[in-house]
Amino acid sequence: MLNLDFHPTGRHFLQIPGPSPVPDRILRAMSLPTIDHRGPEFGALGLKVLAGVREIFKTRHPVIIYPASGTGAWEAALANTLSPGDHVVMYETGHFATLWSKMATRLGISSEFLAWKGSDEHLPNAPSWRRGVQADLIEERLRKDPEHRIKAVCVVHNETSTGVTSNIAAVRKAIDAARHPALLMVDTISGLASADFRHDEWGVDVTVSGSQKGLMLPPGISFNAISPRALEAMKSAKLPRAFWAWDEIVEMNESGYWPYTPNTNLLYGLSEALDMILGERLDNVFARHERWAAGVRAAVNAWGLPIQCADASVYSPVLTGVITPPGVDADALRRLIYERFDLSLGTGLGKLKGRMFRMGHLGDSNDLTLVAMVAGVEMGLKLAGVKLAGSGVQATMDHFASHAASVALQRAA
Ligand code: PLP
């Protein structure tokens, strides 16, 4: 039985791809006393965070902040823009794309699931779970819809279950090439503030995201960034919505308030996270994640194990999935690593259960944390009897030592 009174010494290594470790600075900010959410101080906080998140999504348009997990923001995106029986095209990149499609069906939307149908030697039952969205398949499908029955195209930007970051600009191009008016909805729950994302420039109509990944906050708030076209679609959309309805929230947000009680202390945390991320500058944040991801992939390549993402052009900067050799249960390996080294890794989800594990390299981390993660995994693989081609730890150290960070650590003189 789990003994909740037992706390191992040192810090737990929370290396799942979100929730990611929360920096002390953010934890301290959240420990301030809760204030009156209708008082003057709150309005100033509200206006600050609403302006800051627009910079993170790279949009000039409204961003809604919900006191809910990412799943709530998925529902909000669909419920505000669509009507019962509407047809949407979704794309099977992995477990989260599958869940979003199932949700659409539950809400009474007709969801068509596109997938890449090629063959894959390691995962023959899930070939499209090793690749990004193929924009040409979307274009082909939209061209076969001259009556414009398809109301939206929904894709996952950073598929957290696989470690694949799809090219959203290419999806927008495909929709435009087919001259189709479908809305583009994108889930970047695990991509935001780690992987480059441009809501306005890429012509995204609704972007869905959450707090517990690149923003380095605990779970509990989520977002919808909304284009003017999506706001227009809302006016004729007939799916029932009340809590998720954008109109009242957008109106109240103009003065920094919400129509209900917002998540005050998480908003303190968000304010602090915005100071940290925008202070570092987004381009530096993205470069930091790309560099970490390359260092972790160097380890997997040195071990001689397959990376879940089979296309190097869409490797995720947020996490790396590793396929375990036949006969090695990835969950048993994760359990062993957790029990022996106090290191949590992401489990294989849905079709990938037991076949792979996920290493998170996002948010409040650094080179040595990641070297330690790789060391924990390498020790675990050896204990599980996996024959490794070489040392991943050495490969990661070599990568970090030979690729200086684009921004040196700043130390006071
Ligand atoms: N979409 C993606 C890509 C995710 O990674 C997650 C959660 O990890 C979700 C959706 C669901 O979000 P939540 O668990 O916060 O409801």
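**Domains, strands and labels**

Tutor: Between domain 1 and domain 2 there is a count of 1 salt bridge. First, the ground rules. This is a predicted model, where local features need pLDDT of at least 70, side-chain atom pairs count only at pLDDT 80 or more, and totals for chains, interfaces and linings use all residues. Residues are numbered from 1 along each chain as its sequence is written, and side-chain values use heavy atoms, with hydrogens and water left out.

Student: What makes Glu92 and Lys351 a salt bridge?

Tutor: The term asks for a side-chain nitrogen of Lys or Arg within 4 Å of a carboxyl oxygen of Asp or Glu. The side chains of Glu92 and Lys351 meet at 2.8 Å, N to O.

Student: Where do domain 1 and domain 2 come from?

Tutor: Their bounds come from an automatic or database domain assignment. The assignment gives 13-20 + 281-412 as domain 1 and 24-279 as domain 2. Their centres, taken over C-alpha atoms, are separated by 26 Å. In the contact (heavy atoms within 4.5 Å), domain 1 takes part with 34 residues and domain 2 with 36 residues.

Student: What is the area buried between domain 1 and domain 2?

Tutor: About 2800 Å², with 61% given by carbon and sulfur atoms. Buried area is the accessible area (1.4 Å probe) that two parts lose on being put together, summed over both. On the side of domain 1, Leu282, Phe286 and Lys351 lose the most, together 21% of what that side buries.

Student: Why is strand β5 described as largely enclosed?

Tutor: Buried means under 20% relative accessible area, exposed over 50%, partly exposed in between (1.4 Å probe, protein chains only). In β5 (residues 150-156), 6 of the 7 residues are buried, so the rest of the structure largely encloses this strand. Strands are DSSP runs (E, at least two residues), and helices are too (H or I, at least four), numbered from the N terminus.

Student: How do you know which strands β5 pairs with?

Tutor: Pairing needs at least two bridges found by DSSP. Strand β3 (residues 87-91) has 4 bridges to β5, running parallel. Strand β8 (residues 183-187) has 5 with β5, also parallel. Both counts meet the cut-off, so both are pairs. Val89 stands opposite Val153 in β5, and Cys154 stands opposite Met185 in β8.
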